[in-house]
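Trainee: I would like to learn how to read a fold. Please show me a case.
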Amino acid sequence: MHALLISLGLVALAEIGDKTQLLSMVLSARYRKPWPILAGILAATVVNHLLSVAFGALLGNFLNGPWMKWVLGIGFIVFAAWTLVPDKMDDDDAPKEVGHGSVFLTTLVSFFAAEVGDKTQVVAIALGARFPTEVLWVAGGTTLGMMLANAPVVWLGHRLADRIPVKLMRYVAAAALLAQGVWTLLAKS
């Protein structure tokens, strides 16, 4: 349960202002069909994060050793710095219609592609390595965190974006990731 809560909190905070959250806003404004958009985000996130966390756990088990906590701790600190860099969407990132205009399929494909190599995916890999015996809890937490951050954007779109202090949230997310990094470095192996 501990891994679920840490994963949920870190990803929910890291997702605020992230490229995939911007994509959620674009999809919401374009299609105005929240249920298929949320279903597409959920499906893409479950697959992406389950694979990412499992990969992280595999790495964590394979590369296990006293130096691993240094790799993970420093990694979380780097993610904290990365969180401070605002994301933006390029024209290449705009959703391309898939499946004869299916909102669900367009969201699924667009969101999965945008999440590959994204900050929250890398955090999911690191969390999998940090908690290698709790893959389902971590994947559940990262998925819930992603949905917690994106569902309000899908429902409320631009109205919500103008009211969330994104810069402040980036600092809070960076502080949480920094704390996780320091905690990982100080934890007894």
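Trainee: From the N terminus on, how do the elements of the protein run?

Mentor: They run α-α-α-α-α-α-α-α. That is eight helices and zero strands. Helices (H or I, at least four residues) and strands (E, at least two) are DSSP runs, numbered from the N terminus. The model is predicted: local features need pLDDT of at least 70, side-chain atom pairs count only at pLDDT 80 or more, and totals for chains, interfaces and linings use all residues. Residues are numbered from 1 along each chain as its sequence is written, and side-chain values use heavy atoms, without hydrogens and water.

Trainee: How is a pair of packed helices described?

Mentor: By the angle between their axes and the distance between the axes. Here, the axes of α3 and α5 come within 8 Å and cross at roughly 40 degrees. Axes are lines fitted to C-alpha atoms, for helices over the stretch in contact; angles run from 0 to 180 degrees between N-to-C directions.

Trainee: Which residues meet there, between α3 and α5?

Mentor: Among them, I37, I41 and V47 in α3, and F104, L108 and F111 in α5. Contact means heavy atoms within 4.5 Å.

Trainee: Which residues have the most contacts inside the largest nonpolar core?

Mentor: A nonpolar core is a set of buried Ala, Val, Leu, Ile, Met, Phe, Trp, Tyr and Cys residues joined through side-chain atoms within 4.5 Å. Buried means under 20% relative accessible area (1.4 Å probe, protein chains only). The largest core has 35 residues, and I37, F76, L127 and L177 have the most contacts inside it. L177 touches residues including L10, F76 and V123.

Conventions: Buried < 20%, exposed > 50% of the residue type's maximum accessible area, 1.4 Å probe, protein only. Lists of a residue's contacts leave out its neighbours within four places in sequence.
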